[in-house]
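Subject: Handover of the two-chain model

Hello,

I am passing this structure on to you, with notes on what was found in it. Please look through it first and then read on.

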Amino acid sequence: MPEEELNHQWRDRLKEASVPPPAFVWPEIEHALQRKKRRALLWWSSGGAAVLLAGAFWYSTYLPEKNPTVPAPSSIATVLELAKPSVSASLSQEGIGAASVPQQERQKLALESSRSSDASFKAAEELPPNKVAHAALLEQEQPSVAPQSRGVSPLLPLAVSFPAPLLSSAKALPGWPSGVIRKRKEQTGQCYDFSENRRAWLLEGYAGPLFARKVLETAGDPEQEAYRDRRLATEGPGWGFNLGGRAAYLFSEKYLLSAGLDYQQFAEVFEYADPSSIEYIIKQVLDVSTNTWKIDTIDINFGEERTRVINRFGLLDVPLSVGYEWRTGRMGLRLQGGAAANLFFWKRGAVLDPQTGAPGYFTPGKGSQSVFRLRAGLSWQAGMQWFWHIAPKTRVVVEPTFRQQITPLNQVGYPLEQRYQNWSLRIGFSKIM
Amino acid sequence: MNEETLIQGCLRGSVQHQRALYERYAGKMYAVCLRYARTPADAADILQEGFIKVYTKLNQYHFQGSFEGWIRRIMVNTALRTYQRHRYELEQTGLERLPESPQEADAIALLSEGELLGMIGRLPDGYRLVFNLVAIEGYSHAEAAEVLGIQESTSRSQLTKARRWLSEELNRATNVGLIDK
């Protein structure tokens, strides 16, 4: 029979063949899909938090400040600063050194002269309205300068030569010119006035790397020390990330109470090599004379069987803290500490089984051994926050934090008590409401 | 529930629709996996991995061509990747000496699907993969060689050996009267 015809015959018999799959396959698929969904949700929420933080940073750094407690920056003054070389050059032509004229006078002089120039004034008018308003504010705030500056009227014709293209170019820069940003930052150096507002709400968001150190204790049973040593030898340190947010209430100017949500996730490597592994390769053969299956041992392999699993843990906690902060100028330091209660604890991976000594999964629903509790219980934490005001109501914060679990993570009756000491470096923003 | 409703439901992430889709195609796909896998346990792993890919890549199915064919291709590719990952050595068992059997066609017609699948499952890995791709899926030797990363001549040789091995198995079944009906 031709080969193609035989192929057709095999194809016809087997292409539509159907065999019921084992019952355990669907639950495994369902579990894996849920895991993927959770992971996607985590990624999206992390991305969203990053976008929000970036947005908050952009808003607080690049948008004009509306807080009346701080003198608003003068964009016109900044524009004048950009034009300073030209004014100085004009003054030098008259034989008067730039340094000999007070800064305020020069600004005032240039402001007036810019208004006297159609081109320059038009350019100033095209600036955002708030900047023009700032220029007016500058004029009102410096009444003593005006008469004196009028006194240097001989310089006016020279100041009229204030280069209009420079003003236009300042306006034409995308967003805000770097000069404006620099100037504004310099002028908003004053912080939020806590002496007048002795109570305030702060909203804080942070994210950062995390190091998890595992502590295994034998619960007073020396016989379990060998097992503990084997566990420690087969499990590496944990690395991960920490993100969260909290609301803090500041009272009496320096004291804080805070609560929020904190998520810590870390992974550690479990590696085990079984030196006395024996692999039996067995195939079943159908004895057609009796129509029965017989087991036929084909091969035996002796060797080392390696197991490598990434153990993952995630903890969602509600931390409650008290704190105290010192401030000097734009920066400050806060010490805080408190307790955290666990809301959700997920875990996936494998460790050595205390009974058999072989690797066993502890993943809920899949694992062969029960190691961890449903929730992680209580922990205490302490941290030191360094903050820097990038705006009167906005701080950048850097916060090294230590957290120690109080209640062990493992189930009651498990031969070891397992806890984690987590070190994290949180970086984020704090907004005074 | 028609196929489109099923797919739309799965795209929305509905577990009920995912389950219904699984129940509709799992039997056929498990048979495909059994043909490629070394053991039933490996076949179950391939089936699981394949269905997870089906759900996650469902947005790439544009309702063109057979949906069952699309799922089948995912299963075959998953099985082949498992094969490549495990790097099974192509087993050489001196099958060149096995005689050809003229009764092969009759035996194929008489044996049950389960018995035929069992026979294919006992084929050495290299033979089994080439036999599945070329004889059952309809790949050309050039395509099978490309997918498996082997020479086209090797693919031809493996198929010939697979056929002889199966022929011997079928012959044995015929001679002892199992299918002598």
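Two residues are in contact if their C-beta atoms, placed from the backbone, lie within 7 Å. By that rule, and leaving aside neighbours within four places in sequence, C33(B) is in contact with A43(B), I46(B), L47(B), M75(B) and A79(B). Please keep in mind throughout that this is a predicted model.

Confidence

The predictor gives the complex an ipTM of 0.77 and a pTM of 0.42. The average pLDDT of chain B is 80, and 83% of its residues score at least 70. Among the elements of chain B, the highest mean pLDDT, 91, belongs to α2(B), and the lowest, 72, to α5(B). In residues 87-100 of chain B the pLDDT is below 50, although this stretch has 16 contacts in the model beyond near neighbours in sequence. Where pLDDT is low, the predicted coordinates should not be read in detail.

The two chains

Chain A has eleven helices and ten strands. Of its 433 residues, 25% are buried. Among contacts in chain A between residues at least 6 apart in sequence, 73% join residues at least 24 apart.

Chain B has nine helices and zero strands, so its elements, read from the N terminus, run α-α-α-α-α-α-α-α-α. Buried residues account for 36% of the 181 residues of chain B. Of the contacts in chain B with a separation of 6 or more, 66% are between residues 24 or more positions apart.

Where the chains meet

At the interface, 28 residues of chain A are in contact with 33 residues of chain B. On the side of chain B that touches chain A, at least two residues each come from α2 (15-36), α3 (40-56), α5 (104-110), α6 (113-121), α7 (125-136) and α9 (152-175). The largest share, eleven residues, is from α2(B). By type, this side of chain B divides into 20 nonpolar, six polar and seven charged residues.

Nonpolar cores

The largest nonpolar core has 49 residues, of which M29(B), C33(B), V130(B) and F131(B) touch the most other members. Helix α1 (3-14) of chain A supplies at least two residues of this core, as do α2, α3, α4 (67-86), α6, α7, α8 (141-148) and α9 of chain B. With eleven residues, α2(B) gives the most to this core. The core lies between domain 1 (3-86) and domain 2 (95-175) of chain B, because both domains give residues to it. A second, separate core has 13 residues, including F313(A), A350(A), V371(A) and L409(A). In soluble globular proteins, nonpolar side chains tend to be buried together.

A hairpin in chain A

Strand β2 (residues 238-251) and strand β3 (residues 255-287) of chain A pair in the antiparallel sense over 13 bridges. F251(A) stands opposite Y255(A) in β3(A). Three residues lie between the strands of this hairpin, and S252(A) there takes a positive phi near 50°. E253(A), in the loop between β2 and β3 of chain A, has a positive phi of about 75° although it is not a glycine.

A loop residue in chain B

F63(B) is found in the loop between α3 and α4 of chain B. The phi of F63(B) is also positive, near 60°, in a residue other than glycine. F63(B) is exposed, because 9 other C-beta atoms lie within 10 Å and the limit for exposed is 12 or fewer.

A strand residue in chain A

T401(A) belongs to strand β9 (residues 394-405) of chain A. Why does T401(A) count as buried? T401(A) is buried because 23 other C-beta atoms lie within 10 Å, and 20 or more are needed. Setting aside neighbours within four places in sequence, T401(A) is in contact with Q381(A), G383(A), S424(A) and R426(A). T401(A) and G383(A) are 18 residues apart along the chain, yet their C-alpha atoms are separated by 4.1 Å.

Regards

Notes
Residues are numbered from 1 along each chain as its sequence is written. Chains are lettered from A and ligands numbered from 1 in the order in which they are written. Helices (H or I, at least four residues) and strands (E, at least two) are DSSP runs, numbered from the N terminus. Ala, Val, Leu, Ile, Met, Phe, Trp, Tyr, Cys and Pro count as nonpolar, Asp, Glu, Lys and Arg as charged, and the others, Gly among them, as polar. Two strands pair if DSSP finds at least two bridges between them. pLDDT is the predictor's confidence in each residue, from 0 to 100. A nonpolar core is a set of buried Ala, Val, Leu, Ile, Met, Phe, Trp, Tyr and Cys residues joined through C-beta atoms within 7 Å. Domain bounds come from an automatic or database domain assignment.
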